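Please look over the sequence and the model before reading on.

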Amino acid sequence: MERRSELMAAAASRFGLLERNRLQTHFSEHSLVRSYRRDEKIVYVRLTDESHKPYAKIAGEVQWVEYLGSKGVCVSRPLHSAAGNLAERIRMEDREYTAVCYEEAKGRPVGENGAGEDLYR
């Protein structure tokens, strides 16, 4: 657990986020995600182990999402790090991780019965 906290703190700092502004942490089999308050918005930092998905693949995915957003597609836009990168490498001990940061998606949670033509439009 201590290692996760250190990793997330390192990732957050790359994107100019402060630990005092952290909200929630979500664990999955392949990623660690933490939400932060940035000004009046919420952003999400996702940290992925290199053994699950390599840096180059994640960097390509984030570039694609950024391109889509720049063309007016409604997406959760990725944010640049303080160094100007969409994806950041973080090395801790003998492992490497990739960190990315996204804006909170617009919208609302959709339940089973909420999906329909209006939603998809």
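On one side of helix α2, Ala56, Gln63 and Trp64 are exposed (over 50% relative accessible area; buried means under 20%, partly exposed in between, with a 1.4 Å probe and protein chains only). Helices (H or I, at least four residues) and strands (E, at least two) are DSSP runs, numbered from the N terminus.

The buried residues of α2 are Ile58, Ala59, Val62, Glu66 and Gly69. They lie on the same side of α2 because they cover an arc of only 100° around the axis, taken from the directions from the helix axis to the C-beta atoms. Their cover includes β3 (41-49), β4 (87-92) and β5 (95-103), where contact means heavy atoms within 4.5 Å.

## Basis of the model

This is a predicted model, in which local features need pLDDT of at least 70 and side-chain atom pairs count only at pLDDT 80 or more, while totals for chains, interfaces and linings use all residues. Residues are numbered from 1 along each chain as its sequence is written, and side-chain values use heavy atoms, with hydrogens and water left out.

## Span and end of α2

Helix α2 has 16 residues (55-70) and should span 22 Å at 1.5 Å a residue, which agrees with the 22 Å between its end C-alpha atoms. The expected span is 1.5 Å times one less than the number of residues. Glycine 72, with a positive phi near 95°, follows α2.

## Cysteines

The structure holds zero disulfides, a disulfide being a pair of cysteine sulfur atoms within 2.5 Å. For cysteine 74, the closest cysteine sulfur is that of cysteine 101, 17 Å away and therefore too far for a bond. Cysteine 74 is exposed at 70% relative accessibility, whereas cysteine 101 is buried at 0% relative accessible area.
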